[in-house]
Amino acid sequence: MKKSPSPEFQRVYVWEQPVRWFHWINAAAIVVLGVTGWLIAHPPAVLSSGEAAEGYWFGIVRFTHFVTAYVFAANLAFRVYWSVVGNKFANWRNFLPLTAAQFRQVWAVLKVDILQSSNKPVHTLGHNAVAYFTYGGTVLLSLFQIVSGFGLYAPTSDGWIPQLFTWVVPLFGSEQNLRLFHYAVTWAFAIFTLIHVYLVFYHDYVEGHGVLSSMIGGWKFMEKHHAQAEQATGLSAVVTRTPVPPPEPKTVPRPAPHG
Amino acid sequence: MTMLAPRTEVAPTIYEQALSRGVSRRDFLTFCAWMGAYLGLEHGAAAQIARALESKRRIPVVWLHFQECTCCSESFLRSSHPIVADILLDKVSLDYTETLQAAAGHQAEEILRDTITKHRGEYLMLVEGSVPLAADGCYCVVGGRSALDTVREVAAGAKAIIAWGNCACSGCVQAANPNPTRATPINAIIKDKPIVNVQGCPPIAEVMAGVLVHLLTFDRIPQLDALGRPKAFYARRVHDTCVRRANYDAGLFVGTFDDENAKKGYCLYKVGCRGPTTYNSCASMRWNNGTSFPIQSGHPCIGCSEANFWDNGPFYQRLPNFPGFGIESTADQIGLGIAGATVAGALAHAVLTNVRKRGEIGPHPGEDAEKAEAAEKGGAA
């Protein structure tokens with residue numbers, strides 16, 4: 001047996017396979033939509049010796065944008081479904097501000113991670129409350145992009161899905177106006193991605209719980225006493241008010257409380 | 001060809017009046033065929049239109065002018081069949097129209113009062129221009145009455161309302177930010193009457209004539225889109241039938257107005273063309289007898305048949321400036337600014353993390369790889 005005072009780690013299956021698929025399809029779709037959207041907004045003024053009838057690259061860019069938009073929307077719809085049937089870390093309740101405990105955790109996370117005025121780490125197996133709320137926000141942004149995008153697409157398509165969104169343009173007064181908002185929200189996704197990637201690296205680096213790889217394999221690793229306290233609380237985004245104290249070194253290991 | 005017996009007690013039909021003005025039957029039928037085509041009606045409809053214009057009596061019409069430049073009237077007079085259009089205009093608008101009526105002063109106002117009392121519930125109200133609401137409407141007063149008063153009174157007895165041009169449909173230039181007179185379109189004032197928004201600054205002459213012919217022929221307002229515009233003329237984007245569309249799909253764009261691409265007639269998308277977001281018939285019907293339209297002539301569409309097109313500027317930039325910021329702030333500049341601040345913040349935060357959380361980063365006591373290995377070997381031994 002080990003004599004090392006190193007805390008024992010527990011392996012927890014946090015992100016189920018559908019959640020991981022959602023994440024990477026979503027990430028890929030956002031990249032494709034961002035790049036093709038950027039090209040649609042700012043196409044290069046290439047000069048060609050050929051005739052217009054010989055080229056179609058801009059048509060292909062727009063086609064890719066539209067097809068990817070369907071993938072993006074369907075993927076999000078699936079994730080909403082999974083937030084009902086999936087495990088507690090994927091549950092929809094986490095994304096909505098429902099309990100005071102979530103707000104306490106927001107404050108704790110801001111102090112520990114952002115302002116760094118406190119060094120008492122917040123241990124959560126899923127995301128922390130700030131992250132959950134941020135992802136809830138990106139869902140709203142995604143919905144806006146889907147609604148405005150289909151609204152802009154509707155006049156050129158007879159498909160029943162885009163035809164559900166013919167009310168969007170009148171709401172914004174003109175297509176030109178709607179186009180501007182659809183375009184501007186893309187920037188919000190770009191900025192979200194910057195912060196998101198940075199913070200994942202940050203958490204992986206500082207906490208060593210395997211956050212970065214958890215979105216590939218699904219597993220997180222946490223000191224046993226933290227994980228137990230965490231799991232005892234039900235929803236993953238709830239603050240551990242009275243953490244289980246770390247085991248004293250050189251004592252007989254306590255039996256695991258449950259399987 | 002037999003002339004219909006003149007009916008002295010009532011006004012002659014549109015056809016009779018056209019003949020008396022020297023229009024041949026051939027010209028008259030050509031006009032009807034054009035109108036049928038413009039309205040997107042089936043081939044037999046030209047006969048239906050001809051019959052209607054031959055037999056229908058005048059519709060009493062009041063044509064009101066408020067905050068506008070009369071370009072709608074001017075456009076109408078430049079229709080491809082000016083004499084017939086003129087008769088159509090005369091026929092429907094002689095009762096009261098500030099620009100063309102012979103009467104003046106109290107006499108003119110009396111005619112207006114006469115029309116709206118005698119033909120209550122029957123007359124058409126045509127409006128050119130927006131209505132100012134600021135300062136009790138004193139920015140537009142005709143015959144001692146504010147435009148708002150007149151609109152309310154005339155609309156109350158109208159059968160239907162046609163709003164000519166961008167002013168009456170969405171306020172146009174006088175409603176552009178900061179809209180000092182609170183210029184307001186008709187559909188924001190009158191809620192209980194059918195309103196046909198004939199958009200454009202000005203609308204195409206044939207579109208105006210087409211809407212009137214539709215009303216005369218079928219005795220009901222044409223099918224309208226979500227923004228109240230007749231679908232026959234505003235269902236498609238200028239972009240959809242544009243002569244330069246192939247260049248758009250092929251990704252061949254004009255970069256600046258004086259480059260080689262412009263000379264080759266490439267798509268004007270990058271220099272601010274509003275064709276892809278503008279609903280109008282310019283590209284299919286064109287202007288001035290089908291001669292040309294802006295994009296064909298090398299100028300991007302400015303979107304004059306869309307609401308707030310003055311505020312969606314600059315005209316030569318694809319995306320408008322972002323509202324609420326300085327005039328030079330586009331969405332990109334704002335986005336880049338925030339992204340830059342984000343990267344700077346993340347870098348500073350990374351440095352801070354390494355300082356403040358030194359204790360947590362790296363191997364903790366007991367997590368040293370060599371020691372752990374040694375411990376395991378020791379344990380195994």
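Biologist: What percentage of the 381 residues in chain B do buried residues make up?

Modeller: This is a predicted model, and burial is judged from how many other C-beta atoms lie within 10 Å of a residue, with 20 or more counting as buried. In chain B, buried residues amount to 43% of the 381 residues. For chain A, which has 259 residues, the share is 28%.

Biologist: Which residues of helix 2 of chain A are buried, and against what do they pack?

Modeller: The buried residues of this helix are A:Phe58, A:Thr68, A:Ala69, A:Phe72, A:Leu76 and A:Arg79. Within chain A, the buried residues of helix 2 pack against helix 1 (17–41) and helix 4 (129–153), and they also pack against helix 11 (245–249) of chain B.

Biologist: How does one decide whether A:Thr134 and A:Trp167 are buried, partly exposed or exposed?

Modeller: One counts neighbours and compares the count with the cut-offs: 20 or more for buried, 12 or fewer for exposed, and partly exposed in between. A:Thr134 lies in helix 4 of chain A. This residue has 17 other C-beta atoms within 10 Å and is therefore partly exposed. A:Trp167 is placed in the loop between helix 5 (160–163) and helix 6 (168–172) of chain A. Because A:Trp167 has 11 C-beta neighbours inside 10 Å, this residue counts as exposed.

Biologist: How far apart in space are A:Thr134 and A:Ala184, which are 50 residues apart in sequence?

Modeller: Separation in sequence and distance in space are read as two values. From C-alpha to C-alpha, A:Thr134 and A:Ala184 are 18 Å apart. A:Trp167 and A:Ala190 are 23 residues apart in sequence, and their C-alpha atoms are 28 Å apart.

Biologist: Which residues have the most contacts inside the largest nonpolar core?

Modeller: They are B:Val62, B:Met125, B:Ile161 and B:Ala163, in a core of 92 residues. Helix 9 (residues 205–218) of chain B contributes the most to this core, giving nine residues. At least three residues come from each of domain 1 (58–234) and domain 2 (236–330) of chain B.

Biologist: With which residues is B:Ile161 in contact, leaving aside its neighbours within four places in sequence?

Modeller: The contacts of B:Ile161 are B:Met125, B:Val127, B:Ala155, B:Ile186, B:Ile190, B:Lys193, B:Pro194 and B:Ile195. There is also a second, separate core of nine residues, among them A:Phe95, A:Val122, A:Val130 and A:Ala131.

Biologist: How many residues are in contact between domain 1 and domain 2 of chain B?

Modeller: Here one counts the residues on each side. In chain B, 16 residues of domain 1 are in contact with 14 residues of domain 2. The side of domain 1 that touches domain 2 has seven nonpolar, six polar and three charged residues. The centres of the two domains, taken over C-alpha atoms, are separated by 28 Å.

Biologist: How many residues of chain B are in contact with chain A?

Modeller: The number is 46, and they are in contact with 42 residues of chain A. Helix 14 of chain B gives the most to the side of chain B that touches chain A, with 10 residues. By class, that side has 22 nonpolar, 13 polar and 11 charged residues.

Biologist: What is the mean pLDDT of chain B?

Modeller: The mean is 83, and 85% of the residues of chain B reach 70 or more. Over residues 5–9 of chain B, pLDDT stays under 50. The model scores ipTM 0.71 and pTM 0.76.

Methods. Residues numbered from 1 in each chain as written. Chains lettered and ligands numbered in written order. Predicted model: local features only at pLDDT ≥ 70, side-chain atom pairs only at ≥ 80, totals over all residues. Helix = DSSP H or I, 4+ residues; strand = E, 2+ residues; numbered from the N terminus. Contact = placed C-beta atoms within 7 Å. Core = buried A, V, L, I, M, F, W, Y, C linked by C-beta atoms within 7 Å. Domains from an automatic or database assignment. Nonpolar A, V, L, I, M, F, W, Y, C, P; charged D, E, K, R; others polar. pLDDT = per-residue confidence, 0-100.
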